[in-house]
Each structure stands twice: as structure tokens, then as C-alpha cells.
Amino acid sequence: MLPPSKRTLQLYTLYETKLKFYLVASDLGCQRFRVLKIDRDPADVLSVSADPVEYSSGQIRDLLATVEAAYRGKGGLSKRLAGYGILGFIRFTRGYYLILITDRRRACSIGPHVVYEITGTEMVPLDPAAGRARGFTSSFHKDDEVRYCEMFQSFEVSKNDFYFSYSTYDITHTLQWNVGQQAKRMAEGEPKAADGRPLCSWDSLNQMFVWNSFLLGEFQRLLGAEDQYWVLPVTHGFFGQSTIHCYGKLLNLIVIARRSKQFAGTRYLKRGINDLGFVANHAETEQIVYDGTSSMAHRGAGLFTSFVQVRGSVPVFWHQTVDKVPNPKPNIQLGKFDPVHSASRMHLQQLFQAYGTPLIALDLLKQNEKNPRESPLSRTYREVVEYFNSQLPEELRIQFLPWDFRAACKTKAEKVINDMTAIAELCLHRTGFFATRSTSGRTG
């Protein structure tokens, strides 16, 4: 596992003057402080600079007092708000806005690495005039800037399962990837991260699961390589933790679901695959188990196991038509004809690259229907897999498992559980799972 971080920036306070914002961030113990300066420029250019100096609590008080004295008689220095991280910056028609995480909830701990859920945000205009309703072009038409702000803020991040971590642990990747990266760095003799900064770089993040990459893009590019600790990637999905007592041991069970930002959308409106090989509503699910009774777990060592699977829409071109009249079962229509399945090929290549072999495709669609609806889609899915298997060596071929889930649910509960257990055992036997060694934390 990765060692815990003790000196990351977690507490943020935003101060403002007439010309600048000063974002002061510190560790949990308020012993070390950093400062980010943000120009309050009404132009369409984001201007930020990270102070390279690390301040003590006394030094930061002196710095703020100096700024206060410099702006005395010009509006002074005032505290705007407190928070826990930068979600990003955004611009609509004029000027930028800073989006600050103002509240958080502890979601789970992967060993010593804490993951938080965002429960509050606030959008602060850098240009004081940008957030005002300068009004209305008529009694019925709002100013475009105001309209776009309202549309953006109508999506409440705090109610939609967004997560982040200050740790050296990269939550956009699996446990296996994190442990592998740490082992690689140790083998290559790379130094540990200074002052608890994340060991992962912006380029090493799994961008499929970084939902604020657009909001952070310009900001991240303006920062120097040594200032990337201000960048806080946020992922969407689920992070949950429970404890299990097993033969006298306290086991921690963590379930993680990382939802892809690529080709995401609401049910019925996003189905199938796009031209880039991304499927609708793709999610990577990871189950992590570790021994909570071991003191080594809190230091990032001990025995950790991980099992990963992915789910998503059937990787062929298809869609459902949503009528104005509500229909609980919209018709399924196959999309454009692709004789060589180029989009499906890209999707499978992504899976091979991310997870290796073997790949098992579990099809939960209906197999036999009086009025065919899902079954034609299932047949197409099977044909695509068979097409690629005919071109792959035997050891790389995809195992296709059709299981009519709805038909199974109409049988006795015991049979459903037995069927699911058999499928789980088959998959686990073929793919295996990842485990660290209990003595050193090295891969096992």
C-alpha cells in the first residue's frame, strides 16, 4: 500500500481585496500554510499564481496583516468563506468563477487514506460584476450570464455522489494500480512526495473518472509542476465502507463504483456505444477487503485484497425512443450498420488495455421472448463477441455468458442465489483477484 499523507492541504480560507483573492490553505493541524493569489480581473483570462513559500501560523498572520495594511482605505482585506478544496474554475460569457468545496463528509478509509464526499459547494465570481443580474433585456429575457449561472447551479454537486481524497492514494485508479505504481517508484529509486503531495501527476490520473477535469484544465495548466497540490481531482459514483466480524477478526469491506464521464447520461437517453468506443453509463466497481484489527493497516501495510468488474450498456449501436406518452418499456432499436464493428473493437481494446485477460462478458438480457424486444440485442451482442473471437488466439478469447436475469428472478430465490454463486465462482476462478502480502505490503 501507499504511506499515509500527513501534510496535505485540507483547510481553505478565501480572503478578498478590491484587486485580488487570497486563498490560504493549511494542513489539518494548521501548522503549514500555502497561499494562492487570484486576480480579480474582469477580462476573459484566468490569472492565478501559487506562492512558492510555505508559511508557519505566525508567518501567515503577518502576511495577512501586511495585505490588510496595504489595502487600508481601499476596502481592506475581508474573509469571504471557508472550505475544503478547489472544485475548479468556470467561465460563461464574461469573467471566471471560483468553485470552492465548502462542506464534506467522510465516506470511507482505504487503510490510512480517507475519501470524502462533497456535501456543499459555492461559486464565487472573480469579477464582482459577473454574478449580478445586470439585468434583463426585457421583462421576459434574463441576461445570458445570469441564465447560464442559474443553469449551472441547478445541478447540485452536493447531492450527486462526488468524491475526492487529499491522499497519495489515487482514487481514480484501482488498488492494484496504486500498489503497482508505488512498487515501480521504489524500484526506480524515486523520492517520496514532498510535504504529502499526491504522488500521482495530472497525466497519470484515469481521466475517464475525473469529472472536474474541464473545471480544472486551465487552472492546472497555469500552475507549475511544484504547485500541483492545489489540484484536487473529483470522481463520481459511490464509496462505502462496512465492517465484518469473521472468526475473531474485524474486516473492513469497501465497495467503490467509479462512473465514467464518457458517454454518460440518463436512462433511455444514453444507450449503446459511441464512435470512440465508449459505452453508455460505464462504471468500474471495486471490492476491497482488509484486516482492520492489524495496526499495519493504518500505516498502509497489512493484507489488502481487491476484486474489480465493470458494467455498462451493450457495446453495439442501439437506442430507445422515448415517446411523449410515458412508456415503461420503450422500444429497442439497433443503430447504424457497422460491418467490422469498429466501435466495439475500440471498446474491447480499452478493456484489454485497462484490465488485461481474460475477459468475461456477462449478458443479462432476456433470451426468449414472445414479442422480441431484448433478445435481438442479445443475439447481436453474441455475434460481435464471436466475430472478435474468430480473430483472437484461443488464450485471449472472450468468454460469453448469457444469463436471463429476469427469467431467473421468477424462479425460487434459492435457485437464483445458486446461479449467481456459480457465475461468481467461475469468474473469480478465471480472473483471480489482487492481494498484497501481509508482511511488507508488496504485491502477491
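**Reading the labels of a predicted model**

Visitor: Why is I90 counted as buried?
Guide: I90 has a relative accessibility of 8%, and buried means under 20% relative accessible area, exposed means over 50%, and partly exposed lies in between, with a 1.4 Å probe and protein chains only. The value of 8% falls under the buried cut-off, so I90 counts as buried. This is a predicted model, in which local features need pLDDT of at least 70, side-chain atom pairs count only at pLDDT 80 or more, and totals for chains, interfaces and linings use all residues. Residues are numbered from 1 along each chain as its sequence is written, while side-chain values use heavy atoms, with hydrogens and water left out.

Visitor: Where does I90 lie, and what is it in contact with?
Guide: I90 belongs to strand β6, residues 85–91, where a strand is a DSSP run of E with at least two residues, a helix is a run of H or I with at least four, and both are numbered from the N terminus. Contact means heavy atoms within 4.5 Å, and, leaving aside neighbours within four places in sequence, I90 is in contact with G95, Y96, Y97, I99, M123, F152 and L215. The C-alpha atoms of I90 and F214 are 8.5 Å apart in space, although 124 residues separate I90 from F214 in sequence.

Visitor: What makes β6 an edge strand?
Guide: Strand β6 is in an open sheet of nine strands, in the order β6-β7-β8-β9-β10-β11-β12-β13-β18, with antiparallel pairing. Strands β6 and β18 (434–435) each have a single partner strand, so one side of each is left without a neighbour in the sheet.

Visitor: Why are β7 and β8 called a pair?
Guide: Two strands pair if DSSP finds at least two bridges between them. Strands β7 (96–110) and β8 (113–125) are joined in the antiparallel sense over 12 bridges, so by that definition they are a pair. One of the bridges links I99 to its partner M123 in β8.

Visitor: How many strands does the other open sheet have, and which of them stand at its edges?
Guide: That sheet has five strands in the order β4-β3-β2-β1-β5, with antiparallel pairing. Strands β4 (48–50) and β5 (78–83) stand at the edges with a single partner strand each, so one side of each has no neighbour in the sheet. Within this sheet, β3 (33–39) and β4 pair over three bridges, and I38 stands opposite V48 in β4.

Visitor: What is said of the length of helix α8, and how is the expected value found?
Guide: Helix α8, residues 413–431, has 19 residues and reaches 27 Å from its first C-alpha to its last. The expected span is 1.5 Å times one less than the number of residues, and for α8 this comes to 27 Å, so the reach is close to the expected value.

Visitor: Why are the buried residues of α8 said to line one face?
Guide: The buried residues of α8 are V416, I423 and C427. Seen down the axis they fall within an arc of 35 degrees, so they line one face of the helix; the arc is that of the directions from the helix axis to the C-beta atoms. They pack against β16 (360–363) and α7 (405–409), whereas E414, I417, E425 and H429, on the other side of α8, are exposed. For C427 the relative accessible area is 16%.

Visitor: What marks the stretch around P358?
Guide: P358 lies in the loop between α5 and β16, and a cis peptide bond, with omega about 0 degrees, joins T357 and P358. Most residues other than glycine have a negative phi, and most peptide bonds are trans.

Visitor: What is noted about the phi of D161, and is this residue buried or partly exposed?
Guide: D161 has a phi near 60 degrees, a positive value in a residue other than glycine, and D161 sits in the loop between α2 (144–154) and β9 (162–164). Its relative accessible area is 33%, so D161 is called partly exposed. F263 also has a positive phi near 60 degrees, and its place is in the loop between β11 (249–259) and β12 (283–291).
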